[in-house]
Amino acid sequence: MRHILRQRDWIADPWRYLGEPDAGTPQHPDVIVPLAQLRGDPGHWAAPPGGRLGAALAVTDAPEALSDLLPRLALVAVEFPNPGDGRGYSQGRILRARLGFRGELRAAGKGVRLDQVFLLARCGFDVLELADGVDVEAARRALGRYRVAYQPGDPQVRLERQRFFA
Amino acid sequence: MYRYDELDQAFVDQRVAEFRDQTRRFLAGELSEDEFRPLRLRNGLYIQRHAPMLRLAIPYGLLSSTQLRMLAHVARRYDRGYGHFTTRQNLQLNWPKLAEVPDILAELATVQMHSIQTSGNCIRNVTADHLAGVAPDELDDPRPYCELIRQWATLHPEFTYLPRKFKIAVTGSPQDRAASEVHDIGLHLKRGREGDIGFTVLVGGGLGRTPVIGQVIREFLPLPELFAYLEAILRVYNRHGRRDNIHKARIKILVKSLGIERMREQVETEWQASRAGAPRLDAAQVQRVHDFFRPHPYATLPDLDVETGREPAFQAWFRYNTRAHRVSGYRSVFLSLKAHGSVPGDVTSQQMEAIADLADAESFGEIRATHNQNLLFADVRQERLYPLWQKLQLLQLATPNIGTLTDMIACPGLDFCGLANAGTLDVARQIQQRFDSLDYLYDLGDIELKMSGCMNGCGHHHVGHIGILGVDKHGEQWYQITLGGSANGFTALGEVIGPSVPQAEVAATVERIVEVYRARREGDERFIETLQRVGMQAFRQGAYASHPQAA
Ligand code: SF4
């Protein structure tokens with residue numbers, strides 16, 4: 001069963017991606033729907049029965065396309081297909097800082113590795129679907145790898161010092 | 001110069017700890033080579049032809065004597081006793097051992113140095129005019145802004161995994177000495193209508209496979225908006241820059257495909273939408289950094305005639321290797337790292353230590369690395385020039401060739417670089433030998449020769465008056481020659497003159513080219529001016545005359 005690192009807690013993922021066998025069942029009513037499908041028929045996805053709605057962004061998706069749907073979304077999942085593909089960091093920053101999204105922002109994919117988690121958290125990702133093989137304890141520690149930073153960032157990473165502020 | 005506060009120091013210390021852990025995990029097999037590569041690259045560590053290569057950051061080229069002594073020490077202790085200054089004002093060590101790199105970085109951190117973001121697809125070491133703060137024609141000192149940009153760019157959470165490397169240069173003089181128009185972003189300091197400081201912003205310049213001159217994206221950007229606007233450019237690039245083809249991933253390709261107007265629209269839209277959440281650059285922050293770059297406590301001195309009555313060798317050195325200073329009684333002095341018979345840009349540990357001592361005695365304890373791969377003492381009393389010259393001669397650092405043909409730029413090429421097609425150092429030696437007469441060099445005057453060992457163009461061959469590019473022809477080393485490039489004063493890309501030539505013919509071909517100049521020049525025209533007036537054809541003919549081998 002898929003686990004996620006939420007803040008610092010390692011928990012079973014209550015969400016299901018659309019297409020996973022138990023997605024939308026009474027046990028798993030919270031469903032993550034790809035942006036294209038969501039956009040294709042927003043009415044259909046308006047209110048999943050008894051559950052919450054999430055959106056999944058691919059690397060090429062524009063988070064701006066979600067802006068009118070955001071009030072109904074409890075979660076946005078952003079894809080990191082490999083550690084070198086940094087598009088998701090900008091998607092996350094846009095969702096948080098520009099579009100004011102306050103729901104769960106999760107990073108998913110093979111790119112969510114130990115040496116990325118600090119940056120992801122600073123960009124506002126509060127839930128990490130760690131890639132296979134990433135040690136959970138090490139990932140927790142990596143969230144606190146730096147105690148200082150130059151740029152403004154998400155307050156979930158507590159810093160002793162920061163240089164520039166928004 | 002800038003001094004670290006507790007935040008800066010804590011940051012580099014934590015960075016060293018992080019890299020020590022990453023290196024340990026790699027050596028223990030917990031990280032694959034593919035996983036380790038982007039991490040080590042972001043700490044300046046390449047795996048090269050013979051050994052790892054470590055590129056150390058010298059932010060905007062400025063070093064204290066203490067830092068230079070540390071570089072001498074690490075080069076001696078962890079390497080073979082020398083280092084190589086690059087066109088990006090960095091220092092490369094060619095033979096460090098991977099397992100020792102964390103120790104090198106820990107030693108560097110004790111003198112406020114690091115290797116952060118000197119390679120990898122991230123924002124690289126920001127560069128500036130090497131005469132910053134002392135050039136008579138300067139509007140404002142670019143270094144405080146470089147330092148602010150350095151800090152803003154350091155482990156930027158959003159922009160550490162860009163499509164490709166990203167280089168920023170800042171210049172404060174109308175005469176661009178930082179090659180800013182061939183950077184991903186070039187910033188030209190300007191004053192606004194109310195006398196406020198700001199920048200003209202250029203975007204999309206770059207060398208490499210597809211050389212492009214940057215275009216103005218904004219005529220005037222007020223200083224407080226600097227970070228917000230840079231973030232807007234970077235965000236557009238991070239989202240839309242190509243990631244499918246490494247050769248098309250630089251921002252210049254995005255700018256080309258969108259066109260500068262659409263690029264500008266997108267950046268302006270992004271800027272307006274996100275500036276409220278961008279890091280502010282308030283007056284106190286700017287002032288804090290500015291205070292580190294206040295002018296030195298110069299003595300009140302008259303300008304002197306130091307040449308009259310001295311030997312011609314000193315006069316030549318004075319003329320070629322020193323520059324005017326904005327304060328009377330002072331001059332800036334180049335230390336030529338282009339002694340004939342040497343590798344351009346190479347310095348031994350012994351030389352570094354001696355240079356550090358001289359800097360303490362003669363130039364407020366500061367040294368600058370220039371993008372032409374020389375060093376500079378920016379603030380020397382004119383009355384001290386003669387004794388300084390005598391000492392520099394003993395150190396092989398007084399070759400009076402700054403600005404001449406043998407003050408060439410050369411990347412490390414096949415001898416050191418894993419990407420090279422051809423050697424550069426042998427060719428450099430050939431050229432030095434053929435042009436070893438100073439009188440001949442002086443007669444040729446100001447000629448910029450730049451050489452790269454492959455299309456990546458680290459030697460900036462595209463913007464050399466004479467550019468030399470190593471190419472591989474069926475396993476043999478051949479060289480393509482371009483003419484008419486420039487990055488100094490104005491920016492232009494050179495044009496290929498014709499078929500490439502074999503290694504043994506490069507120096508002779510260069511000589512035939514400059515002979516065309518000698519024959520055709522009028523008055524005191526410089527090489528590049530004659531070339532522009534008479535056109536390529538005459539030079540092309542001259543270059544290949546009596547040259548049966550070209551293919
Ligand atoms: S131009 Fe090519 S050969 Fe020279 S340093 Fe750059 S990558 Fe290496």
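Predicted model: local features only at pLDDT ≥ 70, side-chain atom pairs only at ≥ 80, totals over all residues.
Trainee: With 551 residues, what radius of gyration does chain B have, and what would a compact globule have?
Mentor: Residues are numbered from 1 along each chain as its sequence is written, with chains lettered from A and ligands numbered from 1 in the order in which they are written. The radius is taken over C-alpha atoms, and the globule rule is 2.2 Å times the number of residues to the power 0.38. That rule puts a compact globule of 551 residues near 24 Å, which agrees with the value for chain B, 23 Å.

Trainee: And chain A, with its 166 residues: what is its radius of gyration?
Mentor: Its C-alpha atoms fill a box of roughly 45 × 35 × 25 Å along the principal axes. A compact globule of 166 residues would come near 15 Å, and chain A agrees with that at 16 Å.

Trainee: How many helices and strands does chain A have?
Mentor: Both kinds of element are DSSP runs numbered from the N terminus: helices are H or I with at least four residues, strands are E with at least two. From the N terminus, the order in chain A is β-β-β-β-α-β-β-α-β-α-β-α-β-β. The count is therefore four helices and 10 strands.

Trainee: What share of the residues in chain B is buried?
Mentor: Buried means under 20% relative accessible area, exposed means over 50%, and partly exposed lies in between (1.4 Å probe, protein chains only). In helix α2 (residues 33-41) of chain B, the buried residues include B:Phe36 and B:Leu39. Over the 551 residues of chain B, the buried share is 64%.

Trainee: How many residues apart are B:Arg177 and B:Asp129, which form a salt bridge?
Mentor: A salt bridge is a side-chain nitrogen of Lys or Arg within 4 Å of a carboxyl oxygen of Asp or Glu, and here the closest N and O atoms are 2.8 Å apart. B:Arg177 sits in the loop between β7 (168-171) and β8 (185-191), and B:Asp129 in the loop between β6 (127-128) and α5 (143-153), so the pair links distant parts of chain B, with a separation of 48 residues.

Trainee: In the salt bridge of A:Arg147 with A:Glu160, which residue is exposed?
Mentor: Their closest N and O atoms are 3.7 Å apart. A:Arg147 counts as partly exposed, because its relative accessibility is 38%. At 56% relative accessible area, the exposed residue is A:Glu160.

Trainee: And in the salt bridge between A:Asp22 and A:Arg16, which residue is buried?
Mentor: Their side chains meet at 3.0 Å, N to O. A:Asp22 is partly exposed at 25% relative accessible area. With 8%, the buried residue is A:Arg16.

Trainee: How many salt bridges does the whole structure have?
Mentor: Side chains of opposite charge can pair when their charged atoms come close. One network links residues including A:Asp115, A:Arg145, B:Arg15 and B:Glu18. Over all chains, the number of salt bridges is 66.

Conventions:
Heavy atoms only, no water.
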